[in-house]
Amino acid sequence: MKIQKATRKAIPAVICLYGKSGGGKTYSALKLAQGLVGKDRICLIDTENGRASHYADKFDFDVIDLEPPFSPIRYMQAIKMAQDSGYKAIVVDSISHEWDGIGGCLEMAEDGKTKSGKSLDGLNKWAKPKEQHRKMMNMLLQAKSHIIFCARAKDNLEQVKVNGRAEIVNHGLVPIQERNFPFEMLITFRMENKGSVVIEKCIEGLEKSLKIDDYINESHGKIIANWIDAGEKVDLESKALMANARLEAMNGEASLKKWYESLDEKQKLIAKDFNIDFKKELAKIAKDCDNEDEKKITIVANLPPADANIESKNEGELTPEEIEAITKAEAEDLKNNEYKRAKDGE
């Protein structure tokens with residue numbers, strides 16, 4: 001961790017186009033991809049039962065047919081496959097399945113269970129899907145290829161009271177994805193009638209350069225590519241490995257060691273060359289995580305005998321009853337110590 005002068009980096013574009021079915025998302029995404037990479041290779045990850053092949057006579061691209069389950073890990077595997085195969089631009093059609101598809105985050109949360117088979121409830125059921133989604137987003141933001149997402153959209157409806165009566169207000173379209181997803185993009189486009197677009201998020205200087213008049217074409221991809229290439233070059237592979245290492249360190253030393261052992265020889269050489277300050281940071285993160293877990297285990301082990309009616313709903317988590325029992329025990333200890341000091345004349 002250090003303070004340094006800010007410079008614009010040449011980081012590949014991460015772009016989202018969202019809209020309702022038939023809005024021109026796939027066609028526009030392929031146009032953008034073609035402009036971004038010119039004659040270089042394009043890969044499309046298709047979750048829409050092969051619908052992207054309808055454009056095979058108009059664009060030169062390869063395809064990965066991604067079938068259920070649509071978990072974040074499966075998306076990560078498909079994107080990694082495309083990157084490792086040398087594709088300079090990757091189109092994902094659609095990213096909405098990762099959130100609201102078979103085996104996606106919503107379904108993972110609903111089906112969440114403990115190791116013993118108990119159903120999770122409340123926020124606990126979101127731990128696994130959110131962790132996977134966070135890892136996927138981290139991978140995307142460290143990508144070596146340009147990535148263009150197509151996302152389905154839905155009406156953003158809200159029930160409000162008007163003169164004492166409930167009414168439904170439509171706030172417009174929102175992508176079917178985690179709510180922060182559009183803000184992670186370099187550019188977010190909202191697709192409207194038959195392929196026309198509105199820029200919802202973009203860096204000001206780049207947005208002015210794009211000058212989009214309703215429809216996206218290859219020239220817009222070229223403008224984005226030129227804007228990126230004008231930035232300072234970045235070792236993207238090293239940057240991605242550092243980000244992944246930090247994530248694994250947050251799960252403790254064992255997780256960090258397992259992650260390192262899973263790397264290929266080239267990646268291990270890169271990891272060995274991490275600067276000493278970063279290695280110290282990783283060690284501290286992992287140690288702090290392990291100490292926190294050990295502290296929780298110690299608290300639970302020292303609990304007074306529990307009431308037979310108290311049942312822990314979430315393995316590894318303290319229930320309200322356990323927290324109350326700890327509080328009572330601490331209060332009793334304090335009371336006894338005060339009595340002892342008074343008796344001894346302190």
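The paragraphs below follow the aromatic ring contacts of this predicted model, together with the charged side chains placed over rings. Local features are taken only at pLDDT of at least 70 and side-chain atom pairs only at pLDDT 80 or more, while totals for chains, interfaces and linings use all residues. Residues are numbered from 1 along each chain as its sequence is written, and side-chain values rest on heavy atoms, with hydrogens and water left out.

Rings of Phe, Tyr and Trp (its six-membered ring) are paired if their centres lie within 6.5 Å, and planes under 30 degrees apart count as stacked, over 60 as edge-to-face and the rest as tilted; by this rule there are five aromatic pairs. One of them joins Tyr 27 and Phe 59 edge-to-face, with 5.4 Å from centre to centre and 70° between the planes. Tyr 27 belongs to helix 1 (residues 25-37), whereas Phe 59, 32 residues apart from it, sits in the loop between strand 2 (42-46) and strand 3 (62-65); helices (H or I, at least four residues) and strands (E, at least two) are DSSP runs numbered from the N terminus. Ring pairs also link Tyr 27, Tyr 55 and Phe 59 into a cluster.

The rings of Trp 99 and Trp 126 are stacked, because their centres are 5.7 Å apart and their planes stand at 25°. Trp 99 lies in helix 3 (residues 96-100) and Trp 126 in the loop between helix 4 (105-110) and helix 5 (127-141), so this pair ties together parts 27 residues apart in sequence.

A charge sits over a ring if NZ of Lys or CZ of Arg is within 6 Å of the ring centre and within 35 degrees of the ring normal. Arg 8 lies over the face of Trp 227, at 4.2 Å from the ring centre, and Lys 268 lies over the face of Tyr 260, at 5.7 Å.
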